[in-house]
Amino acid sequence: CRTSFALAKGWNTGPASNSVKMNTYFGGLYYEHTTGLWTDLDSIDWTLAEYTGKTSTFTLRPKTQDDYFNISFDGFLLIENAGAYQFRTGSDDGSRLWLNNKLLVDNDGVHDFKIVTSAGTVLNKGPQRIFVQFFDYIEKDSLLVEYNGPDTGNEWVAIGNEVLKSDP
C-alpha cells in the first residue's frame with residue numbers, strides 16, 4: 001500500500017542507499033535565567049525560566065537586572081587528556097557545579113566573593129557534561145568557574161569557550 005502510494009506520487013522507491021554516519025557537534029553553553037528574591041539555590045524554581053539562550057562561556061552578561069537573579073548553564077567540557085582534575089567556583093553569591101550529573105562544588109548561600117574547590121576526580125578523555133547554577137542576592141555579583149589537571153598543565157584556568165564543546 002505504501003509503495004503503491006509512493007509510486008503514484010512519483011517518489012523514488014528503489015533499494016536503500018549506503019548509510020551516512022553523522023555527528024552532532026555542540027559548542028558553548030545553553031543558559032536559563034530568571035529573576036526573584038532567594039537566599040539559596042534550593043529555594044529557586046528552576047523550571048520557570050524567563051529567558052533562555054546560548055553563550056560561549058560562563059558569563060553573567062545575560063542578566064536583565066543588577067540584583068535578585070539566577071542563571072544556570074548547561075554544556076560540555078571537552079577533556080583531551082585523561083587524569084585527575086579539580087574544579088572550583090568563585091562567586092558572590094551562591095554557585096554550584098556538577099560534572100556528569102555529580103555535584104562537585106557547592107558554594108551556596110548569600111556571601112561575599114568566596115572560592116570553593118572540589119576534591120580530585122578522575123576523568124576519561126572526551127566530552128563531560130557540565131552544569132553550573134548561580135544566584136545573586138544584592139550588591140556585587142561575580143562568577144568564576146575554573147579547573148586544573150592534565151589539560152591545563154595542573155594550573156588553575158578559567159573554563160573558556162575553547163574547551164566548552166562536545167567534540168574536537
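F73 is buried, with a relative accessible area of 0%; buried here means under 20% relative accessible area, exposed means over 50%, and partly exposed covers the values in between (1.4 Å probe, protein chains only). The structure is a predicted model, in which local features need pLDDT of at least 70 and side-chain atom pairs count only at pLDDT 80 or more, while totals for chains, interfaces and linings use all residues. Residues are numbered from 1 along each chain as its sequence is written, and side-chain values use heavy atoms, with hydrogens and water left out.

F73 lies in strand β3. Leaving aside neighbours within four places in sequence, the residues in contact with F73 (heavy atoms within 4.5 Å) are L29, Y30, Y31, T55, T57, F58, T59, I130, F131, V132 and L143. One of these, T59, is 14 residues from F73 in sequence, and the two C-alpha atoms are 9.3 Å apart in space.

The secondary structure of the protein consists of 1 helix and 11 strands. Helices (H or I, at least four residues) and strands (E, at least two) are DSSP runs, numbered from the N terminus. Along the sequence, the order is α-β-β-β-β-β-β-β-β-β-β-β. Of the 168 residues in the protein, 43% are buried. Among contacts between residues at least 6 apart in sequence, 72% join residues at least 24 apart. The protein exposes about 9,700 Å², of which carbon and sulfur atoms supply 49%; accessible areas come from the Shrake-Rupley method with a 1.4 Å probe, and for residues only the protein chains shown count as cover.

The count of aromatic pairs comes to 6. Rings of Phe, Tyr and Trp (its six-membered ring) pair if their centres lie within 6.5 Å; planes under 30 degrees apart count as stacked, over 60 as edge-to-face and the rest as tilted. The ring centres of Y85 and Y147 are 6.1 Å apart and the planes are at 10°, so this pair is stacked. The pair links distant parts of the chain, with Y85 in strand β4 (residues 83-92) and Y147 in strand β10 (residues 142-148), 62 residues apart. Both Y85 and Y147 are buried. A tilted aromatic pair is formed by W98 and F131, at 5.4 Å centre to centre and with 55° between the planes. Distant parts of the chain are linked here as well: W98 is in strand β5 (residues 95-99) and F131 in strand β9 (residues 126-136), 33 residues apart. F131 counts as partly exposed because its relative accessibility is 25%. Y85 and Y147 also belong, together with F87, to one aromatic cluster.

Side chains of opposite charge can pair when their charged atoms come close. The count of salt bridges, each a side-chain nitrogen of Lys or Arg within 4 Å of a carboxyl oxygen of Asp or Glu, comes to 7. In one of them, E146 is joined to R88, the closest N and O atoms being 2.6 Å apart. E146 lies in strand β10 and R88 in strand β4, so the pair ties together parts that are 58 residues apart in sequence. Both E146 and R88 are buried. Salt bridges that share partners also join D42, R96, D106 and D108 into one network. The charged end of R88 sits over the ring of W156, 4.0 Å from its centre; for such an arrangement, NZ of Lys or CZ of Arg must be within 6 Å of the ring centre and within 35 degrees of the ring normal.

K63 forms a salt bridge with D66 (3.8 Å, N to O). D66 counts as exposed, at 56% relative accessibility, whereas K63 is partly exposed, with a relative accessible area of 26%. K63 also forms a salt bridge with D141, with the closest N and O atoms 2.9 Å apart. This pair links distant parts of the chain: D141 is in the loop between β9 and β10, and K63 is in the loop between β2 (51-55) and β3 (69-79), 78 residues apart.

L37 lies in the loop between β1 (29-35) and β2, and at 56% relative accessibility L37 counts as exposed.
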